[in-house]
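Have the model open in your viewer as you read.

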Amino acid sequence: MVLYTSPFPNSFLSVLHSFSWGLIFPCYWLADRLVGSFVPTTYEKRQRADDPCYFHALCIIITTPIYLALLVASLPFALIGFLLWSPLQSARRPYIYSRLKDKNHANGATLLTEWKAAGSGKSFCFGSANVCLLPDSLARFNNVFNTQARAKEIGRRIRNGASRPQIKIYIDSPTNTSISAASFSSLVSPQAGDNRTVNAGIKRTTSMEYKGDNCGSNNGEENREDKGGSGEPHEGEENTCIVRINGEENGHMSDTETDTVNGQARASGPAEPSLEGDAEISKTPNHKQKEGDSVSLDSCSASRESLVKVRVGDGTVDQSTVNNKLLYKASIMKKTSVQKKKHTDETFDHEISAFFPANLDFLCLQEVFDKRAAEKLKEQLHHYFEYIVYDVGVYSCHGCCSFKFVNSGLLFASRYPVMDAAYHCYPNGRGMDSLASKGALFLKVQVGSTPQDQRIVGYISCTHLQAIAGDTTVRCEQLDMLQDWLSEFRKSTSSSSTANPEELVAFDVLCGDLNFDNCSSEDKLEQQHSLFTHYKDPCRVGPGEDKLWAIGTLLDPEGLYDEEVCTPDNLQKVLESEEGRKGYLVYPTSKNHSSSQKGRKASLKGNGRRIDYMLYTEEGLYLEWKVEVEEFSFITQLAGLTDHLPVAMRLVVSTGEDDP
């Protein structure tokens with residue numbers, strides 16, 4: 001299958017489309033600004049609290065006639081542009097495939113050589129987020145604004161989190177099982193003349209694990225010598241560093257342990273310069289560094305380059321390579337003993353994290369509706385992801401029953417090469433959703449090869465269902481279509497036979513904003529859909545019941561800019577407590593309760609409305625392989641930029657040949 005790298009089959013149509021959109025855009029921009037001026041966000045209201053009450057009204061009175069006059073003047077040009085633009089959409093392709101052109105930063109081909117499926121398994125990390133990149137006037141109804149600046153900042157935060165060193169601190173304390181007690185503690189970097197270790201602030205038994213940088217460097221041979229007597233790691237993770245610290249019962253580390261950590265931690269490489277300026281980011285409400293949040297990745301100065309890179313090695317810390325002004329953090333994950341687990345059959349870690357997972361392989365985004373914002377987001381993501389599929393969907397009346405003004409809002413980013421892609425539009429959208437070409441994006445990626453030159457591939461699907469509450473029948477119909485399209489895509493892109501397989505399927509993952517939760521009484525039909533018999537939900541016990549650690553992913557828009565939740569660290573700490581979740585998450589609804597009534601949330605079951613899903617299946621995979629969840633995360637790194645919590649899942653593909 002040919003991947004479309006441009007929206008039109010020839011340059012003439014592309015030029016004509018650009019000309020028609022150039023005629024439409026002034027009218028579109030003016031209408032967007034005019035409507036947006038009447039829909040202030042809570043952040044803007046607080047900013048204006050100290051201004052005289054008449055000041056904002058005076059601005060509206062002055063600017064509204066100007067906008068209206070310019071809007072009327074631009075309407076004839078917009079009409080001509082629309083008459084050109086609309087018929088062109090019949091020739092438009094359903095997506096744009098973008099590949100990083102800078103070969104110095106491209107490492108997709110290198111990743112394919114890391115896994116040969118011989119003797120070891122491999123882990124893959126998937127992320128999904130609804131980023132609410134609507135035209136600014138529409139985004140304001142969700143209490144977010146400045147779509148263009150948000151798009152750039154969202155991209156920066158995602159790539160900063162994904163490209164950081166992976167350092168996990170597992171706390172196993174019989175006296176303190178609170179995650180927030182040590183959550184995201186700052187690890188101060190060693191400075192010149194300072195002999196403190198990076199673990200000086202940790203007073204419990206911990207396990208620090210670092211998976212090395214993934215910018216294309218391959219240190220496999222070097223790190224194989226450092227494995228020691230540990231078990232065989234998953235292939236592609238040879239540069240993993242594991243430091244064990246056996247703390248004393250009173251919580252203090254012994255001198256021997258301190259010396260061991262100090263001798264094993266080494267910073268490698270100087271900090272790289274920042275890739276972009278911060279001028280535009282200052283337009284977002286959360287850009288300022290908060291007290292006690294000096295190392296959050298929402299800070300403009302914090303980036304992947306400001307996080308320490310640690311490797312196992314002999315010798316002492318190389319102080320000359322450490323920037324003495326850098327601070328770095330490790331995400332804290334509680335690791336309870338088997339006796340304390342509420343679900344004794346739980347085999348994977350789960351956490352609320354202030355960062356996107358390190359070494360994120362695949363990213364699926366929803367509600368990237370604004371085309372200019374999509375370009376800004378793509379530019380940022382390309383600093384980490386080599387392959388991106390964006391501007392997915394159809395416009396006008398092409399391919400769907402009703403007229404579509406905006407695309408599907410889906411965007412896919414990958415570190416691994418994309419082999420095939422297909423898009424389908426849901427024809428049964430209702431209300432406001434019918435104006436967008438909501439649908440499903442299906443992708444096939446290559447993640448490795450066998451010694452016999454068989455391709456190892458994976459399937460990823462991203463979707464966004466009907467949003468209007470009460471449209472249960474519509475969503476169930478869309479889930480039916482989704483399953484049919486999934487089956488068709490697998491069949492049409494498969495080049496293997498059972499007798500002579502040319503490809504080995506490693507995973508099949510489905511993610512997206514499904515707009516229903518697993519606890520609301522109004523969503524019973526969706527909860528019992530046959531999709532959940534084919535795909536597994538790591539957060540779900542069964543229809544109508546989530547696991548106790550699972551939390552909602554839909555934030556209460558009114559509280560997005562509260563001081564308690566406006567930074568990733570603050571939001572993480574709030575969501576770790578039951579009372580905090582009740583204050584800032586939208587909760588499942590029932591016939592007797594409304595999700596907007598905060599005072600009644602205590603009587604509702606669940607930990608908030610979880611409408612963003614990460615599903616996987618073991619059906620249709622290579623028979624001798626097994627897929628298991630290694631980690632599931634709810635992510636707060638986009639605090640203040642969207643009204644959804646991103647989710648992430650790390651899968652381990654076991655080949656059955658691993659050493660015990």
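Of the 660 residues in the chain, buried ones make up 57%; buried means under 20% relative accessible area, exposed over 50% and partly exposed in between, with a 1.4 Å probe and protein chains only. This is a predicted model, where local features need pLDDT of at least 70, side-chain atom pairs count only at pLDDT 80 or more, and totals for chains, interfaces and linings use all residues. Residues are numbered from 1 along each chain as its sequence is written, and side-chain values use heavy atoms, with hydrogens and water left out.

The secondary structure comes to 14 helices and 21 strands, taken as DSSP runs numbered from the N terminus (helices: H or I, at least four residues; strands: E, at least two). Counting contacts (heavy atoms within 4.5 Å) between residues at least 6 apart in sequence, 78% join residues at least 24 apart.

Now for the cores. A nonpolar core is a set of buried Ala, Val, Leu, Ile, Met, Phe, Trp, Tyr and Cys residues joined through side-chain atoms within 4.5 Å. The largest one has 92 residues, and Phe362, Phe412 and Phe507 touch the most other members. Strand 16 (residues 503–513) supplies the largest share of this core, seven residues. A second, separate core of 28 residues includes Ile158, Leu360, Ala373 and Ala413.

Next, the helices:

| Element | Residues | Detail |
|---|---|---|
| Helix 6 | 147–162 | axis within 8 Å of the helix 9 axis |
| Helix 9 | 371–381 | axis crosses that of helix 6 at roughly 20° |
| Helix 13 | 568–575 | six of eight residues buried |

The axes here are lines fitted to C-alpha atoms over the stretch in contact, with angles from 0 to 180 degrees between N-to-C directions. The crossing of roughly 20° makes helix 6 roughly parallel to helix 9, a label for angles under 35 degrees. Residues of helix 6 that meet helix 9 include Ala151, Ile154 and Ile158, and their partners in helix 9 include Ala373 and Leu377. In helix 13, the buried residues include Pro568, Asp569 and Leu571.

Last, a loop. Pro451 sits between strand 14 (439–449) and strand 15 (455–464). Is Pro451 buried or exposed? Pro451 counts as exposed because its relative accessibility is 53%. Pro451 and Trp115 are 336 residues apart in sequence, yet 9.7 Å apart in space, C-alpha to C-alpha.

Key: Angles under 35 degrees count as roughly parallel, over 145 as roughly antiparallel, 65 to 115 as roughly perpendicular and the rest as oblique.
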